[in-house]
Amino acid sequence: MTLTYAGASGGGVTAVRGLDLNVERGAFAAVVGPSGCGKSTLMKLATGLVRPTAGRIAVDEAMVEGPVKIAGMAFQNANLLPWRTIRDNVLLPLEIVEPHRRRFRRNKAEYAERADRLLALVGLDGFAERFPWELSGGMQQRTSLCRALIHEPALLMLDEPFAALDAFTREELWCVLRDLWARIGFTVVLVTHDLREAAFLADTVHVMSARPGRIVASRAIDLPRPRELDVCFEPEFVDIVHDLRSRISEVRQ
Ligand SMILES: Nc1ncnc2c1ncn2[C@@H]1O[C@H](COP(=O)(O)OP(=O)(O)O)[C@@H](O)[C@H]1O
Ligand SMILES: [Mg+2]
């Protein structure tokens, strides 16, 4: 698919061209590429937030023609609403997305329980009644993962979700995401510029070219699961990261 953003003076920016990506149901896919290559554009296309200039996108065997309801999303910034508790931030999509919207008021207690279960899964047991400003950046990002998952989406779309965190917190969150995925079993598309993150988490890492972005290489990561952080120091892992890095420097030429 191709997407050209319309420019003010008529000349548009072609963010992606000939981009072709297929992700199997239940798989964990990572997309890596240089800054500005069209990664966020890919996420917006796949979730129906923007329409392609040419080409087609299907999610769950249906053509994407508007915002995709079976997708949950999280971004670099947690973007929690400061006046809502952690639980009420997690519940927010249910107040918007059908069919939950209609049931929400009547079944609030049931949904609140679901939120609290998710919060416990990501290590935020007991924080439901707190406010965002009382939590660290990593805890806010855990909350944002729960919010993305509260409507039980079949597809989780993550756009550099850990990029704003320090290295230790980031690795903790890798494990949180690894465990959520293993336990719940949704499909993940993770966009990141962190090659270690991609190699640690994904089944397949797709490398994008510089703008206009397209997929120039796809590499299966056949490290056994469950993966522990120690794997990042093993020669096999280091080789994978080197290989990905060299593919990216090729496409930056
Ligand atoms: N809404 C927009 N209007 C015009 N140009 C845009 C818009 N969004 C992104 N772009 C341009 O498209 C290119 C790809 O952007 P983006 O998908 O955000 O890249 P990435 O996420 O890989 O950094 C960039 O050159 C960016 O400036
Ligand atoms: Mg981006």
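Pro212 is located in the loop that joins β9 (204-208) to β10 (215-220), where helices (H or I, at least four residues) and strands (E, at least two) are DSSP runs numbered from the N terminus. The model is a predicted one, in which local features need pLDDT of at least 70 and side-chain atom pairs count only at pLDDT 80 or more, while totals for chains, interfaces and linings use all residues. Residues are numbered from 1 along each chain as its sequence is written, chains are lettered from A and ligands numbered from 1 in the order in which they are written, and side-chain values use heavy atoms, with hydrogens and water left out.

The peptide bond that leads from Arg211 into Pro212 is cis, its omega being near -5°. A cis peptide bond also connects Arg225 to Pro226, again with omega near -5°, and Pro226 belongs to the loop between β10 and α8 (235-252).

Positive phi values occur in two residues other than glycine. Glu61, in the loop between β4 (58-59) and β5 (62-63), has a phi near 70°, and Glu61 is exposed, with a relative accessible area of 77%; here buried means under 20% relative accessible area, exposed over 50%, and partly exposed in between (1.4 Å probe, protein chains only). Asn79, which is placed in the loop between β6 (71-74) and α2, has a positive phi of about 50° and is likewise exposed, at a relative accessible area of 53%.

Helix α4 spans residues 108-121, and its 14 residues reach 20 Å from the first C-alpha to the last, close to the 20 Å expected at 1.5 Å a residue, the expected span being 1.5 Å times one less than the number of residues. The buried residues of α4 are Tyr111, Ala112, Arg114, Ala115, Leu118 and Leu119. Viewed down the helix axis, these buried residues fall within an arc of 155°, so they line one face of α4, the arc being that of the directions from the helix axis to the C-beta atoms. On the other side of α4, Ala109, Glu113 and Arg117 are exposed. The buried residues of α4 pack against α2 (86-91), α3 (100-104), α5 (137-149) and α6 (167-184), with contact meaning heavy atoms within 4.5 Å. Just after α4, Gly123 adopts a positive phi of about 85°.

Within helix α6 lies Phe168, which is exposed, with a relative accessible area of 68%.
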